[in-house]
Amino acid sequence: MTTTKIDHQNGVLRICVDRLERNRAGGRVFSQRLTAPMPFSDLGELLLQLETLLEQQNFPQAFQRMRSFTGEAPEYPAGLLPTGAMTAEAVAEAKGEQATFVLRILTRQNATWQGVLEWLEGDQRNNFSSDLEFLKLLERDLRQIVKEETQGK
């Protein structure tokens, strides 16, 4: 059995938005970091689940860690892909019914994320320097989709 370290190529997260209702977006996340698609019912849940995944897999490694005075240092995993992870092909083929985004979290400094959000159908690529900025970019692109749909009807 071989283990593969997570890197910025296989650590990409593909966000497939399947439902857009009012101000709620729901869908699935595909990645080689996962063994099955990760469903989400709104953007808040998406953010919390992604943060949990980043912590569990320790990639990218957080710039700051909680200290403990108990003498027991917490263990952090080595940043390995899980056994039975999705294939690169399955991730690349995943497509949302409403929109598809590629999320690359490059670093985690100052207790937040830095990276790139790419909206595949909108052909837009934006850098962000915090998880709040990531959410704002995602919401902006989703509002544009809703606006286009309402104008097309």
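Helices here are DSSP runs of H or I with at least four residues, strands are runs of E with at least two, and both are numbered from the N terminus. On that basis the chain has three helices and six strands. From the N terminus, the order is β-β-β-α-α-β-β-β-α.

Ground rules next. This is a predicted model, where local features need pLDDT of at least 70, side-chain atom pairs count only at pLDDT 80 or more, and totals for chains, interfaces and linings use all residues. Residues are numbered from 1 along each chain as its sequence is written, and side-chain values use heavy atoms, with hydrogens and water left out.

Overall figures. Of the 153 residues, 41% count as buried. Buried means under 20% relative accessible area, exposed means over 50%, and partly exposed is in between, with a 1.4 Å probe and protein chains only. The accessible surface is about 9,400 Å², by the Shrake-Rupley method with a 1.4 Å probe. Carbon and sulfur atoms hold 50% of that surface. Now contacts, meaning heavy atoms within 4.5 Å. Among contacts with a separation of 6 or more, 49% link residues 24 or more positions apart.

On to the core. A nonpolar core is a set of buried Ala, Val, Leu, Ile, Met, Phe, Trp, Tyr and Cys residues joined through side-chain atoms within 4.5 Å. The largest one has 33 residues. I15, V29, L46, F101, L103 and F134 have the most contacts inside it. At least two core residues come from each of β1, β2 (24-30), β3 (38-40), α1 (43-57), β4 (99-107), β5 (114-119) and α3 (131-152). Take V29: leaving out residues up to four places away in sequence, its partners include I15, L46, M86 and R14.

That brings us to R14, in strand β1 (residues 13-21). What is the nearest side chain of opposite charge to R14? It is E121, 7.0 Å away. For charge, Lys and Arg count as positive, Asp and Glu as negative, and His and the chain ends are not counted. R14 is buried and has no salt bridge, which would take a side-chain nitrogen of Lys or Arg within 4 Å of a carboxyl oxygen of Asp or Glu. The R14 side chain does reach two backbone oxygens: that of A94 at 2.7 Å, and that of V91 at 3.3 Å.

R33 sits in the loop between β2 and β3. R33 is also buried without a salt bridge, and D7, the nearest side chain of opposite charge, is 9.0 Å away. The side chain of R33 makes a polar contact of 2.7 Å with that of Q57. Such a contact is a pair of N or O atoms within 3.5 Å; within protein, one must be able to donate a hydrogen and the other to accept it, and residues adjacent in sequence count only if both atoms are side-chain atoms. A polar side-chain atom of R33 also lies 3.4 Å from the backbone oxygen of G11.

Last, the salt bridges. The whole structure has eight. E51 pairs with R108 at 3.4 Å. E51 is in helix α1 and R108 in the loop between β4 and β5, so this pair ties together parts 57 residues apart in sequence. R108 counts as buried because its relative accessibility is 5%. E55 also meets R108, at 2.8 Å. That pair links parts 53 residues apart. R104 and E118 meet at 3.3 Å. They lie in β4 and β5, so that bridge ties together parts 14 residues apart. Shared partners join E51, E55 and R108 into one network.
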